[in-house]
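Here are my notes for a first look at this structure. Have the model open while you read, and go through the points in order.

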Amino acid sequence: MTANDVRREIITEVLGRPTVEAAEVLPLSDIWATDVFGLAAMEEALSKSAFKAMRQTVQTGELLDPATADVVAAAMKDWAMRKGAKFYSHVFYPLTNITAEKHDGFIITNSDGNAITEFTGSLLIKGEPDGSSFPNGSLRMTSAARGYTAWDPTSPAFIMHTPNGATLMIPSVFMSWTGEALDKKIPLLRSNSAMDRAARKVLTLMGETEVAPLSSSCGAEQEYFLVDRYFAAARPDLLLSGRTLFGAPPAKGQEFDDHYFGAIPERVQVFMQDFEDQLYRLGIPAKTHHNEVAPGQFEIAPYFEAANVAADHQQLMMTIMKATAARHGFVCLLHEKPFAGVNGSGKHVNWSVGNSTQGNLLDPGTSPEENLHFLVFCGAVIRGVHRFGPLLRAVVATASNDHRLGANEAPPAIMSVYLGDQLEGVFKDIEAGEVSVTEDGGLMDLGLAQILPFKRDPGDRNRTSPFAFTGNRFEFRAVGSSQSVSGPLVAMNTILADSLEWIAGRLEAELAEGKEPPAAVATILQEIMIEHGAAVFGGDGYSSDWHEAAVAERGLRNLPTSADALTVFTEPDVVQLFASTGVLSPKELESRYEVYAEQYINSIAVEAKLVADLAKTVIYPAALGYVSELAATITAAAKLGAELGTDAVSSVAHEATALLAAVAELETALAAHDFATVAEHMEHCAFTIRPLMDKAREHADALELQVADSAWPLPKYREMLFIR
């Protein structure tokens, strides 16, 4: 059987695959958070005093008494075992963008040899995985490997059901024996604490006498592709790198804009229902799902939650999404650009800050020019993005995300803030020392009796902005679909904390001179706009004029590749930012630079090796076979007196030869290892290896368009994107 025969069988199999039967639809009230040991479950399982202590910890972050941990552990074990769990696991989030877990049984044996179950507070509080086997930037070595996990009581435990049974999952932090953060959760918790301290200081100076703990919130829109597993299995590039390294564009792609918000295919709809029912059982508030722009692309968006819980839920969502897709015969692709020529996938992080006493501090209300709280916090964001825009670019820097930043579906690599017409006018007035009454968006009235008029938003949406205000929150649109949201949240919380600390210092000085809070705030906001207003931009972020003006006139930095962006982690002002806020020590920050740089280099190396492998062992033989077939046909025709042109033979032979030559260049570049620094190695990957990969692809894709369909071995874009 030839490779093409396999491809034909795959198409037949996919076309004949029956849709997985939809599960019984249960009311949301019957399944919501049934597998979560949250406050509702705790209230039933714990004594009044233990529940009160846990609720205080969850809601305010107050330290929990170890004795209470023993009570919680016993109740948690009983609850989990009633749901069929025999094992528990500390779930943690190392610097890999994926979830890690170590499973332990509740079982112990006694002196009689009988098995009993036990789960104490000490087992709940602490676990001990190996610290050296995860990426850690030299913080842990094999000779000094001890690491700890520690229970995070502010994120609820839950039951994970699989065909092999149920496991109690306990969200945890991960640290070294020497106390450094080895994960993404510790910096997130620290950044929220830093922001809370600074925000409370500012609010108190502004005259607030009752200020509850503040927390950032997050709602992350997740984009993804679904490809039938048979197609994916026949594409080694998809299996190993998450994207197609070869593939000619189909005659029809997304140019008709007919997939976006279109009718969801039945098979996909059944997958979505199954997936979302699992999310609801885990207390994950899936809110919206729809077709995305590219064929085969979809989106799910949850309702916002506290940032720490939202980050945990986002990781869990990606895990469940992949597992559920497999049960429905799909492979879920979270790569930012799995298919060239159509939109890639992002993870827009909607971020805000608030508490129970002052509410959402990024909600402008009906009169934003009079809302001092909002103006201060929005001004703090503007200052933070201007000062640390390169850091925001760095925290979304991955080899895969480089494919979409700056393309039509993603914002540019230059970090700016979009406020909308109304708010931009308010801050421009502040910069000029003026205050004017803002106008709302008015009514949308189409003049049709059957269409009710409705209130229009005061500003438009700008989908070319990397950091856009969208009504009562900022949307960080540059985050990649495969990334953890923790890194971006850490950066946003930390730059906000830094700006609020600066504002607090300025407020103290202004108030000491006898100014009232409104006048002091006006002075400070004017300073912010004069110094940092260059970050505010409401135009087309894709235009070449903006790219030129942003750098030349506004002094913003353009960091188009991860090789450019990741070195920001080593810059003195960024090191000082994290050290002064207590979010990351210089050593911890350096470790992250090492890890992310290594991941970037390794990702490109894997792709380059795959390009060479597939080109030499799959595509070139197919082209050579087709040349032989054509040549034989021409020879046979000549014997019969017919004349057939040889242009096709020459063209295919030329492209095949050029493909091998390009691969030889690529392999030579891959063999280079004499780099003085990690930064040099990344530059080699970005500016030498990547272009050579593209060069090889050009020839391979040209061959796909010339070799007979019956002789082409790999599933094509038209099949993977359009056959469900």
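1. H12 and H13 are roughly perpendicular to each other (a term for angles of 65 to 115 degrees). H12 covers residues 372-394, and H13 covers residues 421-431. Their axes come within 12 Å and cross at roughly 90 degrees. Phe374, Leu375, Cys378, Gly379 and Ile382 of H12 make the contact with Leu423, Val426, Phe427 and Ile430 of H13. Contact here means heavy atoms within 4.5 Å.

2. A word on ground rules: this is a predicted model, where local features need pLDDT of at least 70, side-chain atom pairs count only at pLDDT 80 or more, and totals for chains, interfaces and linings use all residues. Residues are numbered from 1 along each chain as its sequence is written, and side-chain values use heavy atoms, with hydrogens and water left out. Helices are DSSP runs (H or I, at least four residues), numbered from the N terminus. Axes are lines fitted to C-alpha atoms over the stretch in contact, with angles from 0 to 180 degrees between N-to-C directions.

3. H12 also packs against H18 (residues 572-581), at an angle of about 95 degrees and with the axes 11 Å apart. That makes H12 roughly perpendicular to H18. Arg387, Phe388 and Leu391 in H12 meet Asp573, Val574, Leu577 and Phe578 in H18.

4. Now look at H14 (residues 486-512) and H15 (residues 517-532), whose axes come within 9 Å and cross at roughly 130 degrees.

5. On to charges: the whole structure has 28 salt bridges, each a side-chain nitrogen of Lys or Arg within 4 Å of a carboxyl oxygen of Asp or Glu. Glutamate 607 sits in H19 (residues 586-639) and arginine 243 in the loop between H9 and H10, 364 residues apart.

How values were computed:
Helix = DSSP H or I, 4+ residues; strand = E, 2+ residues; numbered from the N terminus. Parallel < 35°, antiparallel > 145°, perpendicular 65-115°, else oblique.
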